[in-house]
Amino acid sequence: MIRYDDIHLDYAGKNIFSGFSLEVSENEKLLISGPSGCGKTSLFKILLGFTRISSGRVLYNDREVNARTIRAVRRNLFYLSQDIDFRNAPVNAVLDEVFSYEPNRGLVPMPAHREHLMKMLDLGDDILRQDMQKLSGGERQRLGLLVCFLLNRPVWLLDEPTSSLDKKLRRKVVDYVMATGKTVLIVSHDDIWRKADNLKIVRWS
Amino acid sequence: MGAHDIEPVSLALLFLFLIPVLWVSGRFRLALNRTILWSTLRMTLQLSLVGLYLKYLFKFNLAWVNGLYILIMIAVASYTVLKSSRLKISKLFGPVFLSILLPVATILLFINAFVVRIDYLFDAKYMIPICGMLLGNSMRNNIIGLSNFYSGLKESEKTYQYTIALGATRMQALAPYFQASIVAAINPILASMATIGIVSLPGMMTGQILGGSIPMVAIKYQIVIMLGIFYTQFFSVCLSLLLSIRQGFDKFDVLRKELLV
(Lines give C-alpha, C1' and ligand atoms only; values in the text may rest on other atoms or scores of the structure.)
Protein backbone atom coordinates (compact mmCIF):
# COMPACT_ATOMS: atom_id res chain seq x y z
CA MET A 1 0.00 0.00 0.00
CA ILE A 2 2.86 2.37 0.91
CA ARG A 3 6.34 1.94 -0.44
CA TYR A 4 9.48 3.94 0.25
CA ASP A 5 11.88 2.98 -2.48
CA ASP A 6 15.60 3.70 -1.88
CA ILE A 7 14.99 7.21 -0.59
CA HIS A 8 17.67 9.73 0.35
CA LEU A 9 17.03 12.76 2.49
CA ASP A 10 19.29 15.77 2.92
CA TYR A 11 18.52 18.73 5.13
CA ALA A 12 20.51 21.98 5.18
CA GLY A 13 23.38 20.34 3.29
CA LYS A 14 23.51 17.40 5.71
CA ASN A 15 22.56 13.86 4.85
CA ILE A 16 19.83 12.63 7.23
CA PHE A 17 19.49 9.14 5.76
CA SER A 18 20.15 7.36 2.52
CA GLY A 19 19.07 4.19 0.80
CA PHE A 20 16.00 3.67 2.97
CA SER A 21 13.35 1.27 1.70
CA LEU A 22 10.19 0.09 3.38
CA GLU A 23 6.99 -1.56 2.28
CA VAL A 24 3.76 -1.36 4.26
CA SER A 25 0.81 -3.59 3.38
CA GLU A 26 -2.84 -2.74 3.80
CA ASN A 27 -4.11 -3.10 7.39
CA GLU A 28 -0.59 -3.57 8.65
CA LYS A 29 0.41 -2.00 11.97
CA LEU A 30 4.01 -0.95 11.97
CA LEU A 31 6.16 0.59 14.69
CA ILE A 32 9.24 2.45 13.55
CA SER A 33 11.78 2.55 16.34
CA GLY A 34 15.14 4.23 16.47
CA PRO A 35 17.10 6.97 18.23
CA SER A 36 15.72 10.53 18.36
CA GLY A 37 16.64 12.79 15.46
CA CYS A 38 17.33 9.99 12.98
CA GLY A 39 14.53 11.17 10.67
CA LYS A 40 11.57 8.99 11.66
CA THR A 41 9.10 11.88 11.60
CA SER A 42 10.50 12.86 8.20
CA LEU A 43 9.13 9.59 6.81
CA PHE A 44 5.63 10.86 7.58
CA LYS A 45 6.34 14.33 6.18
CA ILE A 46 7.77 12.83 2.99
CA LEU A 47 4.61 10.80 2.44
CA LEU A 48 2.52 13.94 3.15
CA GLY A 49 4.56 15.92 0.60
CA PHE A 50 5.86 18.46 3.11
CA THR A 51 9.47 17.27 2.94
CA ARG A 52 11.18 16.65 -0.38
CA ILE A 53 13.60 13.75 -0.86
CA SER A 54 16.85 14.12 -2.79
CA SER A 55 16.41 10.81 -4.61
CA GLY A 56 14.29 7.67 -4.61
CA ARG A 57 10.53 7.49 -4.80
CA VAL A 58 7.50 7.02 -2.61
CA LEU A 59 4.44 5.12 -3.80
CA TYR A 60 0.92 5.04 -2.47
CA ASN A 61 -1.24 2.25 -3.89
CA ASP A 62 1.35 1.80 -6.65
CA ARG A 63 1.09 5.45 -7.71
CA GLU A 64 4.06 7.70 -7.24
CA VAL A 65 3.56 10.52 -4.74
CA ASN A 66 4.27 13.67 -6.71
CA ALA A 67 2.87 17.17 -7.33
CA ARG A 68 0.03 15.70 -9.40
CA THR A 69 -1.06 13.01 -6.95
CA ILE A 70 -0.28 14.59 -3.60
CA ARG A 71 -3.75 16.01 -2.90
CA ALA A 72 -5.43 12.69 -3.64
CA VAL A 73 -2.88 10.89 -1.45
CA ARG A 74 -3.30 13.32 1.46
CA ARG A 75 -7.05 12.68 1.69
CA ASN A 76 -6.23 9.07 2.63
CA LEU A 77 -3.75 9.92 5.37
CA PHE A 78 -4.34 11.09 8.91
CA TYR A 79 -1.27 12.61 10.49
CA LEU A 80 -1.12 12.94 14.26
CA SER A 81 1.87 15.22 14.76
CA GLN A 82 3.85 15.20 17.96
CA ASP A 83 2.64 18.64 19.03
CA ILE A 84 -0.86 18.26 17.52
CA ASP A 85 -0.60 21.49 15.56
CA PHE A 86 -4.23 22.54 15.39
CA ARG A 87 -4.63 26.26 14.84
CA ASN A 88 -5.53 28.36 17.83
CA ALA A 89 -9.29 28.86 18.10
CA PRO A 90 -12.05 27.40 20.29
CA VAL A 91 -12.03 23.60 19.99
CA ASN A 92 -15.59 23.54 18.67
CA ALA A 93 -14.74 25.96 15.88
CA VAL A 94 -11.66 23.94 14.88
CA LEU A 95 -13.68 20.71 14.75
CA ASP A 96 -16.44 22.35 12.68
CA GLU A 97 -13.79 23.71 10.34
CA VAL A 98 -12.14 20.31 9.91
CA PHE A 99 -15.44 18.74 8.89
CA SER A 100 -16.15 21.60 6.49
CA TYR A 101 -13.07 20.81 4.36
CA GLU A 102 -14.04 19.24 1.07
CA PRO A 103 -12.50 15.76 1.68
CA ASN A 104 -14.23 15.52 5.07
CA ARG A 105 -17.72 16.66 4.08
CA GLY A 106 -20.25 13.95 4.63
CA LEU A 107 -18.15 12.59 7.47
CA VAL A 108 -19.79 14.75 10.15
CA PRO A 109 -19.96 12.30 13.04
CA MET A 110 -23.19 11.06 14.56
CA PRO A 111 -23.49 12.63 18.04
CA ALA A 112 -23.66 9.22 19.71
CA HIS A 113 -20.47 8.07 17.98
CA ARG A 114 -18.63 11.23 18.94
CA GLU A 115 -19.81 10.98 22.53
CA HIS A 116 -18.70 7.37 22.71
CA LEU A 117 -15.21 8.23 21.47
CA MET A 118 -14.95 11.30 23.70
CA LYS A 119 -15.87 9.16 26.68
CA MET A 120 -13.28 6.58 25.74
CA LEU A 121 -10.66 9.31 25.53
CA ASP A 122 -11.76 10.90 28.83
CA LEU A 123 -12.78 14.13 27.10
CA GLY A 124 -15.64 16.09 28.70
CA ASP A 125 -18.03 18.39 26.80
CA ASP A 126 -16.48 21.45 28.46
CA ILE A 127 -13.30 21.00 26.42
CA LEU A 128 -15.22 21.93 23.26
CA ARG A 129 -15.64 25.50 24.48
CA GLN A 130 -11.99 26.02 25.39
CA ASP A 131 -9.29 27.64 23.31
CA MET A 132 -6.91 25.20 21.68
CA GLN A 133 -3.92 27.08 23.08
CA LYS A 134 -5.13 26.66 26.67
CA LEU A 135 -5.33 22.86 26.49
CA SER A 136 -2.69 20.74 28.18
CA GLY A 137 -0.43 18.50 26.10
CA GLY A 138 -2.48 15.46 27.13
CA GLU A 139 -5.78 17.10 26.19
CA ARG A 140 -4.44 18.10 22.80
CA GLN A 141 -3.19 14.61 22.19
CA ARG A 142 -6.57 13.09 23.08
CA LEU A 143 -8.30 15.63 20.85
CA GLY A 144 -5.93 14.75 18.01
CA LEU A 145 -6.77 11.08 18.47
CA LEU A 146 -10.48 11.93 18.55
CA VAL A 147 -10.18 13.68 15.16
CA CYS A 148 -8.17 10.72 13.84
CA PHE A 149 -10.84 8.23 14.91
CA LEU A 150 -13.68 10.43 13.61
CA LEU A 151 -12.15 11.10 10.19
CA ASN A 152 -11.45 7.38 9.94
CA ARG A 153 -9.06 7.69 6.97
CA PRO A 154 -7.45 4.53 5.58
CA VAL A 155 -3.90 5.32 6.77
CA TRP A 156 -2.88 6.67 10.17
CA LEU A 157 0.53 8.23 10.72
CA LEU A 158 0.94 8.52 14.47
CA ASP A 159 3.91 10.41 15.87
CA GLU A 160 4.36 9.63 19.58
CA PRO A 161 0.59 9.17 19.99
CA THR A 162 0.72 8.13 23.66
CA SER A 163 3.50 10.38 25.00
CA SER A 164 1.18 12.56 27.16
CA LEU A 165 -1.40 9.97 28.24
CA ASP A 166 -1.74 8.14 31.54
CA LYS A 167 -1.26 4.39 31.74
CA LYS A 168 -4.95 3.46 31.56
CA LEU A 169 -5.61 5.63 28.56
CA ARG A 170 -2.46 4.47 26.78
CA ARG A 171 -3.73 0.91 27.05
CA LYS A 172 -7.14 1.91 25.65
CA VAL A 173 -5.58 3.82 22.74
CA VAL A 174 -3.22 0.96 21.86
CA ASP A 175 -6.11 -1.54 21.94
CA TYR A 176 -8.30 0.69 19.78
CA VAL A 177 -5.55 1.33 17.21
CA MET A 178 -4.54 -2.33 17.02
CA ALA A 179 -8.16 -3.43 16.54
CA THR A 180 -8.90 -1.12 13.61
CA GLY A 181 -8.79 -2.32 10.05
CA LYS A 182 -6.55 0.62 9.14
CA THR A 183 -2.98 0.78 7.98
CA VAL A 184 -1.06 2.37 10.84
CA LEU A 185 2.50 3.65 11.02
CA ILE A 186 3.65 4.55 14.52
CA VAL A 187 6.72 6.38 15.68
CA SER A 188 7.00 5.94 19.44
CA HIS A 189 9.42 5.40 22.28
CA ASP A 190 6.60 4.03 24.42
CA ASP A 191 7.21 0.36 25.31
CA ILE A 192 3.49 -0.30 25.59
CA TRP A 193 3.31 -0.66 21.78
CA ARG A 194 5.90 -3.42 21.74
CA LYS A 195 3.64 -5.61 23.84
CA ALA A 196 0.85 -5.47 21.26
CA ASP A 197 0.20 -8.52 19.10
CA ASN A 198 0.42 -8.31 15.31
CA LEU A 199 2.67 -5.28 15.45
CA LYS A 200 5.54 -5.28 13.02
CA ILE A 201 8.60 -3.47 14.34
CA VAL A 202 11.09 -1.78 12.06
CA ARG A 203 14.33 -0.95 13.78
CA TRP A 204 16.10 2.06 12.36
CA SER A 205 19.82 1.80 12.56
CA MET B 1 -1.69 84.03 -2.94
CA GLY B 2 1.03 81.51 -2.10
CA ALA B 3 2.81 80.55 1.10
CA HIS B 4 5.38 82.96 2.42
CA ASP B 5 8.74 81.87 0.95
CA ILE B 6 11.48 80.58 3.27
CA GLU B 7 14.96 82.03 3.02
CA PRO B 8 17.74 79.40 2.63
CA VAL B 9 19.49 80.71 5.77
CA SER B 10 16.25 80.43 7.76
CA LEU B 11 15.79 76.86 6.50
CA ALA B 12 19.33 76.05 7.56
CA LEU B 13 18.50 77.29 11.08
CA LEU B 14 16.17 74.31 11.56
CA PHE B 15 19.11 71.96 11.13
CA LEU B 16 20.62 73.39 14.35
CA PHE B 17 18.31 71.13 16.37
CA LEU B 18 20.27 68.19 15.02
CA ILE B 19 23.04 69.11 17.47
CA PRO B 20 21.04 68.32 20.67
CA VAL B 21 19.47 65.28 18.93
CA LEU B 22 22.92 63.87 18.11
CA TRP B 23 24.21 64.69 21.58
CA VAL B 24 21.30 62.94 23.36
CA SER B 25 21.43 59.98 21.00
CA GLY B 26 25.18 59.69 21.65
CA ARG B 27 24.73 59.87 25.44
CA PHE B 28 22.04 57.15 25.30
CA ARG B 29 24.31 55.02 23.09
CA LEU B 30 21.56 54.51 20.54
CA ALA B 31 24.17 53.93 17.82
CA LEU B 32 21.96 56.03 15.56
CA ASN B 33 24.06 59.11 14.82
CA ARG B 34 25.34 57.95 11.43
CA THR B 35 21.83 56.92 10.39
CA ILE B 36 20.36 60.22 11.60
CA LEU B 37 22.90 62.20 9.58
CA TRP B 38 22.55 59.97 6.52
CA SER B 39 18.73 60.10 6.55
CA THR B 40 18.66 63.86 7.08
CA LEU B 41 21.12 64.36 4.24
CA ARG B 42 19.16 62.08 1.90
CA MET B 43 15.88 63.80 2.74
CA THR B 44 17.37 67.23 2.03
CA LEU B 45 19.05 66.19 -1.24
CA GLN B 46 16.11 64.15 -2.52
CA LEU B 47 13.58 66.89 -1.82
CA SER B 48 15.83 69.52 -3.38
CA LEU B 49 16.08 67.38 -6.51
CA VAL B 50 12.31 66.84 -6.54
CA GLY B 51 11.91 70.61 -6.37
CA LEU B 52 14.10 70.94 -9.43
CA TYR B 53 12.56 68.25 -11.63
CA LEU B 54 8.97 68.93 -10.58
CA LYS B 55 9.51 72.43 -11.90
CA TYR B 56 10.22 70.95 -15.35
CA LEU B 57 7.55 68.24 -15.11
CA PHE B 58 4.96 70.93 -14.39
CA LYS B 59 6.33 73.12 -17.17
CA PHE B 60 6.24 70.48 -19.96
CA ASN B 61 3.26 68.59 -18.52
CA LEU B 62 3.37 65.72 -21.05
CA ALA B 63 1.12 62.73 -20.39
CA TRP B 64 3.78 60.12 -21.22
CA VAL B 65 6.46 61.79 -19.13
CA ASN B 66 4.09 62.09 -16.16
CA GLY B 67 2.98 58.46 -16.63
CA LEU B 68 6.56 57.25 -16.86
CA TYR B 69 7.46 59.21 -13.74
CA ILE B 70 4.62 57.49 -11.87
CA LEU B 71 5.75 54.05 -13.07
CA ILE B 72 9.23 54.81 -11.74
CA MET B 73 7.74 55.90 -8.40
CA ILE B 74 5.79 52.61 -8.20
CA ALA B 75 8.88 50.57 -9.10
CA VAL B 76 10.88 52.22 -6.32
CA ALA B 77 7.97 51.68 -3.90
CA SER B 78 7.74 47.98 -4.84
CA TYR B 79 11.48 47.53 -4.36
CA THR B 80 11.32 49.22 -0.94
CA VAL B 81 8.31 47.12 0.13
CA LEU B 82 10.11 43.86 -0.67
CA LYS B 83 13.41 44.95 0.82
CA SER B 84 11.78 46.06 4.08
CA SER B 85 9.61 42.93 4.24
CA ARG B 86 12.75 40.80 3.78
CA LEU B 87 11.33 39.04 0.74
CA LYS B 88 13.14 38.06 -2.44
CA ILE B 89 12.92 40.98 -4.86
CA SER B 90 13.55 39.01 -8.05
CA LYS B 91 10.66 36.62 -7.38
CA LEU B 92 8.02 39.02 -6.05
CA PHE B 93 8.71 42.32 -7.79
CA GLY B 94 6.10 41.70 -10.52
CA PRO B 95 3.22 40.79 -8.17
CA VAL B 96 3.92 43.70 -5.80
CA PHE B 97 4.36 46.19 -8.67
CA LEU B 98 0.96 45.17 -10.10
CA SER B 99 -0.67 45.22 -6.66
CA ILE B 100 0.37 48.83 -6.18
CA LEU B 101 -0.13 49.96 -9.78
CA LEU B 102 -3.71 48.75 -10.26
CA PRO B 103 -5.37 50.41 -7.24
CA VAL B 104 -3.22 53.56 -7.45
CA ALA B 105 -3.95 54.08 -11.16
CA THR B 106 -7.67 53.38 -10.75
CA ILE B 107 -8.17 55.67 -7.76
CA LEU B 108 -5.93 58.38 -9.19
CA LEU B 109 -7.74 58.55 -12.53
CA PHE B 110 -11.13 58.33 -10.81
CA ILE B 111 -10.26 61.27 -8.55
CA ASN B 112 -8.97 63.34 -11.48
CA ALA B 113 -11.90 62.50 -13.76
CA PHE B 114 -14.93 62.40 -11.49
CA VAL B 115 -14.06 64.11 -8.22
CA VAL B 116 -11.72 67.01 -8.97
CA ARG B 117 -12.98 66.95 -12.58
CA ILE B 118 -9.92 68.30 -14.30
CA ASP B 119 -9.96 68.44 -18.10
CA TYR B 120 -6.45 67.04 -18.56
CA LEU B 121 -6.39 63.76 -16.60
CA PHE B 122 -2.60 63.52 -16.65
CA ASP B 123 -2.03 67.03 -15.32
CA ALA B 124 1.23 66.84 -13.36
CA LYS B 125 0.06 69.35 -10.76
CA TYR B 126 -2.67 66.95 -9.61
CA MET B 127 -1.38 63.60 -10.70
CA ILE B 128 2.08 63.61 -9.15
CA PRO B 129 1.37 64.95 -5.64
CA ILE B 130 -1.80 62.82 -5.23
CA CYS B 131 -0.01 59.75 -6.55
CA GLY B 132 2.89 60.42 -4.17
CA MET B 133 0.52 60.47 -1.20
CA LEU B 134 -1.30 57.31 -2.30
CA LEU B 135 1.99 55.54 -2.95
CA GLY B 136 3.77 56.51 0.25
CA ASN B 137 0.85 55.20 2.28
CA SER B 138 0.44 52.02 0.22
CA MET B 139 4.10 51.31 0.63
CA ARG B 140 3.87 51.40 4.42
CA ASN B 141 0.84 49.18 4.65
CA ASN B 142 2.16 46.67 2.14
CA ILE B 143 5.29 46.34 4.27
CA ILE B 144 3.11 45.64 7.32
CA GLY B 145 0.86 43.21 5.41
CA LEU B 146 3.55 41.21 3.65
CA SER B 147 5.97 40.95 6.55
CA ASN B 148 3.15 40.02 8.92
CA PHE B 149 1.91 37.32 6.54
CA TYR B 150 5.23 35.68 5.71
CA SER B 151 6.79 35.95 9.18
CA GLY B 152 3.59 34.54 10.75
CA LEU B 153 3.60 31.70 8.31
CA LYS B 154 7.26 30.95 8.85
CA GLU B 155 6.79 30.89 12.61
CA SER B 156 3.81 28.58 12.54
CA GLU B 157 4.48 26.57 9.41
CA LYS B 158 3.68 23.35 11.27
CA THR B 159 0.16 24.59 11.99
CA TYR B 160 -0.32 25.57 8.34
CA GLN B 161 0.88 22.17 7.14
CA TYR B 162 -1.23 20.38 9.72
CA THR B 163 -4.31 22.19 8.44
CA ILE B 164 -3.44 21.10 4.89
CA ALA B 165 -2.98 17.51 6.12
CA LEU B 166 -6.44 17.69 7.71
CA GLY B 167 -7.95 18.39 4.30
CA ALA B 168 -7.93 22.18 3.90
CA THR B 169 -7.10 23.74 0.55
CA ARG B 170 -4.11 26.07 0.43
CA MET B 171 -6.37 29.12 0.63
CA GLN B 172 -8.37 27.68 3.53
CA ALA B 173 -5.18 26.97 5.45
CA LEU B 174 -3.84 30.45 4.70
CA ALA B 175 -7.07 32.27 5.57
CA PRO B 176 -6.18 33.05 9.24
CA TYR B 177 -2.78 34.50 8.23
CA PHE B 178 -4.38 36.42 5.37
CA GLN B 179 -7.07 37.93 7.60
CA ALA B 180 -4.64 38.87 10.39
CA SER B 181 -2.25 40.52 7.93
CA ILE B 182 -4.93 42.62 6.23
CA VAL B 183 -6.27 43.78 9.60
CA ALA B 184 -2.75 44.69 10.79
CA ALA B 185 -2.08 46.54 7.54
CA ILE B 186 -5.23 48.67 7.47
CA ASN B 187 -5.64 49.29 11.20
CA PRO B 188 -3.33 52.35 11.21
CA ILE B 189 -5.30 54.13 8.45
CA LEU B 190 -8.61 53.30 10.16
CA ALA B 191 -7.30 54.72 13.44
CA SER B 192 -6.01 57.74 11.62
CA MET B 193 -9.35 58.30 9.85
CA ALA B 194 -11.18 58.05 13.17
CA THR B 195 -9.04 60.69 14.88
CA ILE B 196 -8.20 63.03 12.01
CA GLY B 197 -9.13 66.61 12.74
CA ILE B 198 -9.17 65.96 16.49
CA VAL B 199 -5.72 64.60 17.18
CA SER B 200 -3.96 65.52 13.96
CA LEU B 201 -4.25 68.12 11.25
CA PRO B 202 -3.14 66.35 8.13
CA GLY B 203 -0.22 67.45 6.00
CA MET B 204 -2.09 68.01 2.76
CA MET B 205 -4.67 70.26 4.40
CA THR B 206 -1.99 72.19 6.26
CA GLY B 207 -0.10 72.63 2.99
CA GLN B 208 -3.13 73.90 1.15
CA ILE B 209 -4.05 76.35 3.88
CA LEU B 210 -0.46 77.65 3.93
CA GLY B 211 -0.66 77.83 0.14
CA GLY B 212 -3.67 80.13 0.37
CA SER B 213 -6.70 77.83 0.00
CA ILE B 214 -9.70 78.51 2.16
CA PRO B 215 -10.18 75.86 4.90
CA MET B 216 -13.35 74.37 3.34
CA VAL B 217 -11.56 73.65 0.05
CA ALA B 218 -8.57 72.23 1.93
CA ILE B 219 -10.91 69.98 3.94
CA LYS B 220 -12.66 68.67 0.83
CA TYR B 221 -9.30 67.76 -0.68
CA GLN B 222 -8.31 66.12 2.57
CA ILE B 223 -11.45 63.95 2.55
CA VAL B 224 -10.71 63.01 -1.05
CA ILE B 225 -7.16 62.04 -0.22
CA MET B 226 -8.06 60.12 2.96
CA LEU B 227 -10.63 58.02 1.08
CA GLY B 228 -8.19 57.59 -1.79
CA ILE B 229 -5.46 56.40 0.59
CA PHE B 230 -7.83 54.03 2.37
CA TYR B 231 -9.15 52.40 -0.84
CA THR B 232 -5.69 52.15 -2.34
CA GLN B 233 -4.23 50.61 0.81
CA PHE B 234 -7.06 48.14 1.18
CA PHE B 235 -7.01 46.82 -2.37
CA SER B 236 -3.25 47.01 -2.68
CA VAL B 237 -2.56 44.86 0.39
CA CYS B 238 -5.26 42.31 -0.59
CA LEU B 239 -3.76 42.06 -4.08
CA SER B 240 -0.14 41.86 -2.97
CA LEU B 241 -0.98 39.01 -0.60
CA LEU B 242 -3.07 37.15 -3.18
CA LEU B 243 -0.61 37.60 -6.04
CA SER B 244 2.42 36.76 -3.90
CA ILE B 245 0.75 33.54 -2.72
CA ARG B 246 0.82 32.31 -6.32
CA GLN B 247 4.61 32.67 -6.33
CA GLY B 248 5.17 31.83 -2.68
CA PHE B 249 4.17 28.16 -2.61
CA ASP B 250 5.21 25.11 -4.58
CA LYS B 251 2.96 22.48 -6.12
CA PHE B 252 2.94 20.59 -2.82
CA ASP B 253 1.48 23.70 -1.06
CA VAL B 254 4.76 24.15 0.79
CA LEU B 255 6.07 27.67 1.44
CA ARG B 256 9.10 28.39 -0.75
CA LYS B 257 11.77 29.21 1.82
CA GLU B 258 13.97 30.80 -0.81
CA LEU B 259 11.48 33.71 -0.94
CA LEU B 260 12.37 34.75 2.57
CA VAL B 261 15.62 36.67 2.75
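Start by selecting A:Trp156 and A:Val184: the tryptophan has A:Val184 as its bridge partner in β8(A). Keep in mind as you click around that this is a predicted model.

Now show both strands whole. β7(A) and β8(A) run parallel, joined by five bridges. To get from β7(A) to β8(A), follow the chain through helix α6 (residues 167–179) of chain A; this β-α-β crossover is right-handed.

Stay on β7(A), residues 155–159 of chain A, and look at the side chains. Which way do they point? A:Val155, A:Leu157 and A:Asp159 go one way, A:Trp156 and A:Leu158 go the other, and all are buried. With five of its five residues buried, β7(A) is largely enclosed by the rest of the structure.

Next, step over to β6(A), which pairs with β7(A) in the parallel sense over four bridges. Pick A:Leu77 and you'll find A:Val155 of β7(A) opposite; pick A:Leu80 and the residue opposite is A:Leu158.

Time to zoom out. The open sheet has five strands, ordered β6-β7-β8-β3-β9 (chain A), with parallel pairing. At its edges stand β6 (77–80) and β9 (199–203) of chain A, each with a single partner strand, so one side of each has no neighbour in the sheet. On average, neighbouring strands here are turned by 15° against each other, direction ignored.

What does it lie across?

Technical notes. Residues numbered from 1 in each chain as written. Chains lettered and ligands numbered in written order. Predicted model: local features only at pLDDT ≥ 70, side-chain atom pairs only at ≥ 80, totals over all residues. Heavy atoms only, no water. Pairing = 2+ DSSP bridges. Helix = DSSP H or I, 4+ residues; strand = E, 2+ residues; numbered from the N terminus. Axes fitted to C-alpha atoms, helices over the stretch in contact; angles between N-to-C directions. Buried < 20%, exposed > 50% of the residue type's maximum accessible area, 1.4 Å probe, protein only. Right-handed = clockwise from strand over helix to strand, strands pointing away.
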